[in-house]
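Hi everyone, thanks for coming.

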Amino acid sequence: MLSPRSVCVFLRLSGTGLLSSLILLAGLGCESSKKASEVGSESAQKPAAAGAPAAPTSAVSAPSPVGPELHIDPAKAWQYTKDIVANGPRWDGSPGQKKMGEYIHSKLKNDQVEEDPFVADTPEGKFAMRNIIAKFPGSKDGIIVLASHIDTNYPLRNTNFVGANDGASTTALLLAIADQLRGKKLEGYSVWLVFTDGEEAIKSWSDTDSLYGSRHLAQKWQQDGTAKKIKAFLLADMIGDADLDIFRDMNSTPWLEDVVLQAATRLGYQSYFFAENSTIEDDHLPFARIGVPVADIIDLTYGYNNSYHHTTEDTLDKLSPKSLQISGDVILETIRLINGGAGSGSTAPPQKAQ
Ligand SMILES: [Zn+2]
């Protein structure tokens, strides 16, 4: 069965059959993506040729990274992905999600972890949800947030959809990043890992039926003043794809996207980044709306014409540890660049999400 898309995308390429196919796909059950497309059309840029690094779009002086270079352990990231998939479907209210929550806590048992419970008012009634937040204190005043969603697609709950890429891979990635942060005196900003709940639509993707955990947390952090301290919100989604090609998201903050590309280039991974532009609705939007710099690190060409996305084809055999390594290491390098001052002089206004 065709499911509503949790992440809606419109590519802004010209002259490709892939584009029209994706637009057709993206249009299915995804009303709000049209608005996103219109926003994107104002700012869309010509993509770099495939395989070539896209040029940064704004003048960002090259910062010096702060702190030691860190790399995730791809074997561990892969094991975490397999463990999470082994919990089965993890839609909200499922036994698999409860088990995965316990799994996350077990992997972070020596860290500073808190739960952020809330009740989501959905088209299918009220759901008890919770974000999980792990905090790694830094020595500078300010926070860098790394986020990923922990739920799997709810409308597919009666299938054997396991969300190996869409949910498991990036949850695993955050755990693998935690392994690198743990026990170290971080020289820069604090790093908070946020495992968001309720990213997926319960019935059909809309502004009110999606992003439950991130909308709740953005509102809470706006009210308690935390949002003002967030230097960057980096979101990872669907980056376990063995055929990795990460989009430049036009709903993300341009200078922060530029820093991600700088980090990728420093590591020699630039060919995996930003050959294509897109306009994506995901857990970064609620934070963008309250003025937090955001970047969605996402690959939405998962299988031919994105055909594995939100289908039972989203299984481990489509993923690779190498893709987790690329994304994890680029995120860790991005943190070093932000700690070195990347973006601190930016006058770019908060990105308009819609
Ligand atoms: Zn999804």
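**Around helix α10**

I'll start with one side chain: Leu256 is buried, because its relative accessible area is 0%, and the cut-off for buried is under 20%. Please keep in mind that we're looking at a predicted model.

So where does Leu256 sit? Leu256 is found in helix α8. Leaving aside residues up to four places away in sequence, Leu256 touches Ala232, Phe233, Leu234, Pro293, Val294, Ala295 and Ile338. Take Phe233 from that list: Phe233 and Leu256 are 23 residues apart along the chain, and their C-alpha atoms are separated by 9.1 Å.

Now to the helix pair. Helix α8, residues 254-266, and helix α10, residues 321-339, have axes that come within 8 Å and cross at roughly 115 degrees. That crossing is right-handed. On the α8 side, the contact involves Leu256, Val259, Val260, Gln262, Ala263, Ala264 and Arg266, and α10 brings Val330, Glu333, Thr334, Arg336, Leu337 and Ile338. By type, the residues of this contact are eight nonpolar, two polar and three charged.

Helix α10 has another partner to show you. Helix α3, residues 74-86, packs with α10 at an angle of about 115 degrees, and their axes are 9 Å apart. The two helices, α3 and α10, are therefore roughly perpendicular to each other. Their crossing is right-handed. Here Pro74, Ala77, Trp78 and Thr81 of α3 meet Pro321, Leu324 and Gln325 of α10. And what about charge? The α3 contact with α10 has five nonpolar residues, two polar and no charged.

That's my tour, thank you!

Notes. Residues are numbered from 1 along each chain as its sequence is written. This is a predicted model: local features need pLDDT of at least 70, side-chain atom pairs count only at pLDDT 80 or more; totals for chains, interfaces and linings use all residues. Side-chain values use heavy atoms; hydrogens and water are left out. Axes are lines fitted to C-alpha atoms, for helices over the stretch in contact, and angles run from 0 to 180 degrees between N-to-C directions. Helices (H or I, at least four residues) and strands (E, at least two) are DSSP runs, numbered from the N terminus. A crossing is left-handed if the near helix is turned anticlockwise from the far one by less than a right angle, and right-handed if clockwise. Contact means heavy atoms within 4.5 Å. Ala, Val, Leu, Ile, Met, Phe, Trp, Tyr, Cys and Pro count as nonpolar, Asp, Glu, Lys and Arg as charged, and the others, Gly among them, as polar. Buried means under 20% relative accessible area, exposed over 50%, partly exposed in between (1.4 Å probe, protein chains only). Angles under 35 degrees count as roughly parallel, over 145 as roughly antiparallel, 65 to 115 as roughly perpendicular and the rest as oblique.
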